[in-house]
Amino acid sequence: MGLNLNDDPFIESLRLDVVRPKRQTFEIIYINARDQVGKASKKSKDGVFSLGVRAKSRTSGPPRDSYGLLDSPIRKHTPSFPRLSHAQNVTPHECGFITISSAIFQRVLVGSTHVRGVDFRILKETNSSSPSVPAQYSACAVAAHSIISLSEPIGTNLLSIWFIVYGLYMSAQRGRGILVGNDNTRIELQPFIPRLDEQFACHKARTTIPVFRLCFLDQSTGGTIDWDWWKHASFYHVYVKSFRDSNNDGIGDIRGVIEKIDHFPDSGIDAIFLSPIFQSPKIDQGYDVSDFMDVDPEFGTMDDLKELITQSHERNLKILLDFVPNHTSDQHQWFVDSVKGVDEYRDFYIWVDAKYDGSGNRQPPNNWLSVFHHSAWSWNETRQQYYLHQFHPTQPDLNFRNPKVVEAMNKVLLFWLDQGIDGFRVDAIPYIFESENLYDEPPSYWPGVPDYEFESLDHVHTKDQPETYELMHQWRQLLDSYSEKNRGHARILMSEAYTTIENTMRYFGTRDGTKLGAHFTFNFFLVGDATAGASAHDIVVSINKWLDNIPPIYTSSWVLSNHDNHRISTRCGPGNIDGFNMLKAILPGIDVTYYGEEIGQENGEILYEENQDLKVKNRGMFEKLCRDFERTPFQWDDSVNAGFNDGAKPWLPVSSKYLETNLKKQKGDGPSHYKVFRELTRIRSNVVLVRGSTVVKSVSEHTILVRRSHDGSSVVLVFNKGDSQVVLNVSEDVSKTNYVEIKSVQSPKEIGYAVDPHHLKMEPHEALIIFCSI
Ligand code: GLC
């Protein structure tokens, strides 16, 4: 099966699933086309240059020999080849595209895809003129030659552009190269021709134009596994109910996601995860599941979901579901049978006898409180016992000390994996186990918190219990063996845990990696710390707390908002959305986008009467606690209901700001948050962002600076989130040789121009991504 290529030249994040024999990292070697190729070519008699790929063992020892395409002359004539030719080490998922700068022909960049692991013996030493080279290799050599020929004319920029067009045209004419790996993996080398106007646009913006793509073929042939596709991926959180309503019943649905599926690859997204779509009475918006193995009719059918999975995979988009293991709905058949005492299900939930006080009044077994406040115990008349619910009374907690429950939930995971799901968000993981002794929890002594509120207790017996981490390890093993058995790529777990930094880290696994848990655990610290009143220093402390605590073997993730927390644009001001999107895009690891964040969508406006969130029913602090504000429909365009549906009353009102803030408008003329967002997903494949070291600091009360550095280059974010202009000396982090690669919508700077690091004037809410060479 060939891979589906997207024709948009800006989409560099073609995701390719590759099979491979063992874990390896890759080294992509590229030539600095202007300077180094020139030098090398003088030394090489046949004028053949290197454009190579080599594999090296991840674990130890020097890299094995290079098997670079057209590699030998350079290696022979220039022993210092790696430095001279600006070799770059990249992690596997950077392999894939090779792009060349349209502006100055200086850089041949390695773009982003999730390609890894194949033994690159496939690229034998060869050159285009050798008669002994098999046809498929020479086709590649032809394409490589196009790059080389492009590198030579460094005349006027206009001339250069024509050379690109010509070179690409020529390579396209000569066909495509298919490389066959020693494990039968096949790579297709596809010449890539952007439209002329896009080439001019790239040229003007000094961005890169892909010259050809390395595409792995035959995903389905089995053999090896892509374990690391997620490690530098851009994830997108789809809140299905609010994304797109295809049947105009006011509720977003799976077919709506299908209708809008191209939005993800268009935006450079690698993986989406859906809020719960399982059968549910939806008292807690689907987090109260009544059948884990079926789709709720309000969201569509099983066939719709299968189609969404297929369509996602055709676009090399991974698709993950929300796994809600802590509890079920009280309407789940398991609970119904448990209440009745049916043998099989008797102990599926946590049932405890009542206590009686001195006057004979019935009391819950202890003082435990629910996250949604008041006692975590509810009395059941039929069983004449209390049952535990760490959330709402309609969400009874499953008893994971019962092996039958563990087995039943494993079946749920396997069921969805068999449908082609690529992994799971594991909901509310800290609450899975409680200590068996049922001791009261001590008070937290938080000032001003009433004693019925969850925060009034220190949850030493009901959160982050040792058994919870063990269960995560077991689930990880289950998924890893499934991936081993079914090949292709790793199926992954992402854990949702709001807890201390130490306990959060434990969800990854042990520090030494001997036991693995979630592939990554969401980093929610910015969600809490990036607030209206936060200074740059507060945000820097929050980021560094994470970076200082994460064991080096694990992968960070960056989250700004979600369906349980107010949107970042509302918390920190709509003018700061580009800066925050830049922040999460350039920090190391995984970038998670909550639907609407790409356009800077703000919280919607909800009246108390319109509230749908059980968390705030019958409670004060509506504005602060109600989660409906961040769940209003996605703003697609300026038509009725912002394009969410065809006019039926949406389940939550569309924000009144949709005429100003919508995707269609932001795709149109002029700068926009969405265009900044797309630029950000584009540059995430840059080796500096994938591999670089990280420095995060505040450089004024409201200015954050992030520097990522690698191999003589750095990418620097300067983000003034404050309301006043600042003039900064950033010469410690920004070298003289620099240019602005991306700027926030408000920025008056010119893309492609250098800033003065000693005197950098930053306007209010201005954010810049500056590329520097040292
Ligand atoms: C998770 C969900 C939240 C839900 C809760 C209970 O925290 O994100 O929306 O209310 O679990 O299931």
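Trainee: How many residues of the shell around the ligand are nonpolar, polar and charged?

Mentor: Start with the classes: Ala, Val, Leu, Ile, Met, Phe, Trp, Tyr, Cys and Pro count as nonpolar, Asp, Glu, Lys and Arg as charged, and the others, Gly among them, as polar. Here the shell divides into 3 nonpolar, 3 polar and 7 charged residues. Before we go on, this is a predicted model: local features need pLDDT of at least 70 and side-chain atom pairs count only at pLDDT 80 or more, while totals for chains, interfaces and linings use all residues. Residues are numbered from 1 along each chain as its sequence is written, and side-chain values use heavy atoms, with hydrogens and water left out.

Trainee: Which residues are the closest to the ligand?

Mentor: A residue is near a molecule if one of its heavy atoms lies within 4 Å of it. The ligand has 13 residues around it, and the closest are Asp284, Asp427, Glu496, His563 and Asp564.

Trainee: How far is a polar side-chain atom of Asp284 from an oxygen atom of the ligand?

Mentor: For a polar contact, look for a pair of N or O atoms within 3.5 Å. For Asp284 the distance to a ligand oxygen is 2.6 Å. An N or O atom in the side chain of Asp427 is 3.0 Å from a ligand oxygen, and for Glu496 the value is 2.9 Å. As for area (Shrake-Rupley method, 1.4 Å probe), the ligand taken alone exposes 300 Å², and the protein buries 95% of that.

Trainee: In what order do the 5 strands of the open sheet stand?

Mentor: Strands (E, at least two residues) and helices (H or I, at least four) are DSSP runs numbered from the N terminus, and two strands pair if DSSP finds at least two bridges between them. The order is 26-27-28-32-30, with antiparallel pairing. Strand 26 (693–700) and strand 30 (738–743) are the edge strands, each pairing on one side only. Within this sheet, strand 27 (residues 703–710) and strand 28 (residues 713–720) share 8 bridges; Leu705 has Val718 of strand 28 as its bridge partner.

Trainee: Which strands does helix 15 lie across?

Mentor: Angles run from 0 to 180 degrees between N-to-C directions, using lines fitted to C-alpha atoms, for helices over the stretch in contact; contact means heavy atoms within 4.5 Å. Helix 15 (residues 536–549) lies across strand 26 and strand 27, at about 165 degrees to strand 26. Helix 20 (residues 673–683) touches strand 30 and strand 32 (767–773), making about 125 degrees with strand 30.

How values were computed
Polar contact = N/O pair within 3.5 Å; in protein donor to acceptor, adjacent residues only side chain to side chain.
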